[in-house]
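Please open the model in your viewer and keep the selection panel at hand. The stops below go from one chain as a whole to the place where two chains meet.

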Amino acid sequence: MMRNSVWFGCRRWRAALLLVAGCVALFAAVIPAAAQAGDSIILGVVMPISGREGKPGQYQKEGIELAIKQINDKGGITIKGKKYAIKEVFYDDGSDSAKSATLAERAMSSDNATAVIGGYSTALGEAESVMPDRYKTPWITPGAGATSIFSHGYEYVFGALSPIALLGSTTAEFLGSLVDQGKLKKGLKIALAVENTDHGIDYVNGIQDWINKHPGYFTVVFNEKFELGGTDYSGLLQKVKAARADIFLSDAHLQDYITMHRQYLQSGMHHQMISYGARGPEADARKALGDGINYIFAGIWWSGKLPYPQVKQFISDYKQFTGHDPDSWYAATAYDATRLLAQAIQQAGSTDKTKIRDALRKAELKDSLLPGTVLKFGANGQAGYPFVIVQNQPGGKVEIVYPKNGATAEPIAPTP
Amino acid sequence: MSLIDYLDPLVAAVLLAGIYAAMSVGMTVIYGVMKIVNLAHAGLMMMGAYFAYELFERFHIDPVIAAIIALPVFFLFGIAVHWLLVRWLPKSDQPTLSSLLLMFGFWLVLQNVALLIWGNEDRSIFTPMTFSVIQMGPVSIAKVRLIVFVLAVVSVVILQIVLRRSWFGRAVRALIQNPYAAQIAGVDDRRTAMFSFGVGTAFAGFAGALLAMLYSFSPDFGRQFLLRSFVIIVLGGLESFSGVAVGALILALVETFSILFVPASYQPAISYALLVVVLLVLPKGVAGLLEKKWRVA
C-alpha cells in the first residue's frame with residue numbers, strides 16, 4: 001500500500017515535470033517566431049473566411065495577400081536603408097464579433113504585430129475597433145464603413161471605406177439624376193428596409209439628408225430595420241408591398257441580399273428601381289438568382305470597369321494570383337489599404353507604432369485603384385473618396401452608370 | 001392597410017404552416033416513441049437540402065422528385081444511425097442528458113461533414129419554377145411555395161393514415177400512450193423505436209429538401225427551423241400528431257401577422273416569446289387543452 005502511494009506520488013511528479021518540459025518546448029518553439037520580428041514586419045490580418053461573411057472576407061484576404069506578395073517581391077519595406085519583408089499572421093474570426101475582437105487583441109499583444117488589418121463588415125469592424133488604442137497599434141479596416149467606428153476619437157483606427165452615409169446620399173443623388181433626365185417621375189415614394197446596424201442607420205441618414213436638401217424629388221413612405229442572418233423576410237416584404245412604394249431600397253449584406261431578393265421575386269412585387277446598398281453585382285448572387293438580379297443597382301467603393309491603367313493591372317495580377325476575377329469591390333479596398341500601410345511604414349522610417357500612426361494620418365496613395373485614384377485618411381481616420389453606382393444589366397453585364405463622367409453605360413430606368 | 005392587404009399574409013401563413021408541419025412531425029415521432037429530443041434534426045434537414053441540391057446539380061433531377069426520393073433514402077439513413085448510435089442509449093421514459101448530448105454531437109458531425117464536402121458558401125436550387133408567381137386577384141402566390149405546401153400536407157396526411165391503419169402505427173401510438181402496457185401486449189419496442197427513428201429522419205430529410213426549394217442553404221442551415229420545430233411540438237403537446245398540424249398553423253399565423261404590427265427587427269424574438277408563453281400557459285400544448293375540454297364535456 002505504502003509502496004503504491006509512493007509510486008503514484010512519483011508518477012504525479014513525473015507527469016508535472018513532463019508538463020513543465022512540454023511548456024518550455026512550446027515557448028522555445030514560439031520565441032524564434034517572435035524574434036523574426038527583427039528582420040521582418042509582422043502584419044496581423046483578422047478576417048472572416050468562414051461563417052456568413054466568409055466569401056467577402058476571403059476576397060479581402062486575397063487582396064491583402066496580393067499586396068504583401070508584390071511588396072515582398074520588390075524586396076520589402078525599406079527602413080533606414082534596410083529591407084524588411086512583411087510577414088502575415090492571419091486569423092479567421094468565423095464571422096463572430098466576439099472572436100474578431102479577441103483575435104485582433106491577440107495579433108496586437110501576443111504576436112506584437114506592427115499593424116493590423118481587419119474587420120470586414122461593420123459589426124466585426126466595430127468589435128475590433130476598441131483594441132487599437134488599447135494596444136497603441138495602428139489598425140486599418142478595409143471592409144467596415146459605418147461612421148460610428150470613427151466617431152469615438154480613437155487615434156489608431158483607420159478605415160479604407162468611404163462613409164456609408166455617403167453611400168446613402170450618392171444613391172439618392174443617382175435616383176435624383178434619373179428624375180432630372182426624365183427617366184423617373186418627380187415625387188416617387190421610397191420604401192427603405194435596412195439592416196439593424198450602424199451601417200443601416202448611416203445609409204438611411206444619407207438618403208434622408210439628400211431628400212431633405214432636395215424637396216419634391218422623393219418621399220419615404222416606409223422605413224424599417226431587419227436583423228442580419230435571417231432566413232425568412234417574407235413578413236418584411238409583405239409590409240413593403242403594402243406600402244405601395246415606387247422604389248425599393250434595402251441595405252443588406254451579401255447573404256441577406258440573396259435571401260431577401262429571392263423572396264422578393266417570389267412575392268411578385270415590382271418596383272421602378274431596386275437596390276441593396278453596396279451589394280448587387282456579386283457572382284454568388286447571379287449564381288443563386290440568375291437573371292433575377294438584372295437592373296439592381298449598387299453603390300460600391302470600386303469597380304473593375306474604372307478607366308485607370310492600375311485597375312487593369314490589378315485585375316490581371318489578382319487573376320494570376322487567385323485564379324479568378326475580383327468579385328465586386330472587396331479585394332480592391334483591402335489591396336490598397338495594405339499598400340497604403342506599407343507606404344506609411346516606409347515614410348515613418350521606423351517600426352515604432354506611434355510613428356506609423358502619425359505617418360498614416362499624412363499618407364496618400366497616389367496610384368490608388370479606388371475612385372479618384374487617391375486614397376488617404378481624413379481627420380477622423382476614415383477615407384472619403386466618391387462612390388460609383390453600378391447596375392446589373394442583361395447578359396450578365398455590370399456597368400458603371402453614375403457618375404455620368406465615368407459611366408460605361410446608360411442606366412436602365414425604370415426597371416422593365 | 002386594407003382588408004385585401006391581410007389576404008396575402010393569410011395565404012402566406014397557411015402555405016408556411018404546411019412546411020412547418022412536415023419539418024416538425026419527424027421530431028414528434030422520435031420524441032413520442034423514444035423520448036429523445038432530436039437536436040440533430042437541424043443537421044438532417046441540412047443534409048436533406050444538400051441531397052436535393054446534388055441530385056439537381058449532378059443528375060438534373062427536379063427538387064420535387066428529389067424530395068420524394070429523400071424519404072426512403074433518409075429512412076434507411078435513420079435506421080443506420082439508430083443501429084450505430086441511438087440503440088446504445090439507456091432506455092428512459094423521460095428525455096435524458098445522454099440522448100441530448102449524443103444528438104447534439106451528431107449534429108456537429110453532420111455540420112462538419114457538410115463543411116468538408118460543400119464548403120461554407122451558400123447554395124441554392126434555381127429552377128425555372130423558382131420565381132414563377134400565380135396571381136389570383138390581389139393575392140400573389142409563389143408557385144414553388146404552393147408545390148412545397150401540397151407535398152408537405154400530402155406527406156403528413158399519409159403518415160397520419162399509416163399511423164392510424166398499420167400495425168406499425170398502432171405500435172407507435174401504443175408506445176406513446178403507455179410503453180409498459182404496449183410491451184406487455186406484444187409490441188416490439190426496439191424494432192418500433194428503430195423504425196420510428198427512420199421515419200423521423202426521413203421526414204427531416206424530406207423537409208430539408210422542400211426547404212431547399214424556398215431558401216438558400218449552408219452547413220449551418222436548419223438552426224432557425226429547429227427552434228420553430230420545438231415551438232410547434234410544444235404547442236402541439238409534444239406527442240400529438242394532429243397537435244403538430246395545429247401548432248404549425250398557430251406559429252405560422254403568429255409569425256406572419258405579428259410582423260405586420262411589430263418592427264421586422266423583432267421577428268426572431270417572436271418564436272422565442274411564443275415558446276415561453278406556451279410553456280407557462282399551456283405546458284401540455286393545444287392537445288392537452290382540447291383533451292381537458294373533452295373531459296369536462
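The colouring to begin with is pLDDT, the predictor's confidence in each residue, from 0 to 100. This is a predicted model, in which local features need pLDDT of at least 70 and side-chain atom pairs count only at pLDDT 80 or more, while totals for chains, interfaces and linings use all residues. Residues are numbered from 1 along each chain as its sequence is written, and chains are lettered from A and ligands numbered from 1 in the order in which they are written.

Select chain A, where the mean pLDDT is 89 and 91% of the residues reach 70 or more. Its C-alpha atoms fill a box of roughly 90 × 65 × 40 Å along the principal axes. Buried residues (20 or more other C-beta atoms within 10 Å of their own, with C-beta atoms placed from the backbone) make up 56% of the 416 residues in chain A.

Next, select residues 26–36 of chain A, over which pLDDT stays under 50. For this stretch the model has two contacts beyond four places in sequence, a contact being a pair of residues whose C-beta atoms, placed from the backbone, lie within 7 Å.

Finally, show chain B as well: 29 of its residues are in contact with 30 residues of chain A. By class, that side of chain B has 14 nonpolar, nine polar and six charged residues, where Ala, Val, Leu, Ile, Met, Phe, Trp, Tyr, Cys and Pro count as nonpolar, Asp, Glu, Lys and Arg as charged, and the others, Gly among them, as polar.

Key. Buried ≥ 20, exposed ≤ 12 C-beta atoms within 10 Å, placed from the backbone.
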